[in-house]
Amino acid sequence: MTTIADGLKDVFLAGVGAMALGAEKTQELVEQLIAKGEITVEQGKAINSEVLKQAQATAERVGQQAQTAVGEAAREAQAAASHLNDQAKTAAELAHEQTEAAVSMARSQAEMAADAAKKAAENAKQGSADFATALKHDVLEAQMAMMTPEQRAEFAKKAAEIAARDAKTE
């Protein structure tokens, strides 16, 4: 995987190569000027020396700029990684809290549903007991309405015996 440092290194090396090529071309030009007699050998050496100094200064400046850029890129990458790590931790914490809240809510709803079912069953039981009692009374009243007074008296006697017997067993 190519990193930013590798890319900057390649740029730096390309710059050094360009400067070396430029120095070679300058040397050739100076030699041609000396050969034509347009400059002296001493002037040619001075030109070559000046070009070499400028190339070295440029190479140093480019190297320092590359190091600064690499350092800055590394700091930015570290800061971005740290920020992403913090965001991941926060997201994990939020997910955990939301999961706990959902579980708590589900338990609460289950308890409420169980309570409601229990109350409904109790109401149904009470309602059916009340209905059975009312039905029994209605049936007895209907039967008594069809009885003669003697039959009613005999029925009342039997009912009293049953009530007495039930009272003893309680």
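## Overall layout

The protein has 3 helices and 0 strands, with helices (H or I, at least four residues) and strands (E, at least two) taken as DSSP runs and numbered from the N terminus. Reading from the N terminus, the order is α-α-α. This is a predicted model, where local features need pLDDT of at least 70, side-chain atom pairs count only at pLDDT 80 or more, and totals for chains, interfaces and linings use all residues. Residues are numbered from 1 along each chain as its sequence is written, and side-chain values use heavy atoms, leaving out hydrogens and water.

## Confidence

The average pLDDT (the predictor's confidence in each residue, from 0 to 100) is 84 for the protein, and 89% of the residues score at least 70. Among the elements, helix α1 (residues 4-36) has the lowest mean, 72, while helix α3 (residues 149-169) has the highest, 89. Where pLDDT is low, the predicted coordinates should not be read in detail.

Helix α2 covers residues 41-146. Its 106 residues reach 153 Å from first C-alpha to last, close to the expected 158 Å (1.5 Å times one less than the number of residues).

In α2, the buried residues are Gly44, Asn48, Ala55, Ala59, Gly63, Ala66 and Ala73.

Val30 sits in helix α1 and counts as buried because its relative accessibility is 4%. Beyond its neighbours within four places in sequence, Val30 is in contact (heavy atoms within 4.5 Å) with Ile39, Gly44, Ile47 and Asn48. Gly44 and Asn48 are also among the buried residues of α2. Val30 and Thr40 are 10 residues apart in sequence and 9.5 Å apart in space, C-alpha to C-alpha.

## The surface

Terms used
Buried < 20%, exposed > 50% of the residue type's maximum accessible area, 1.4 Å probe, protein only.
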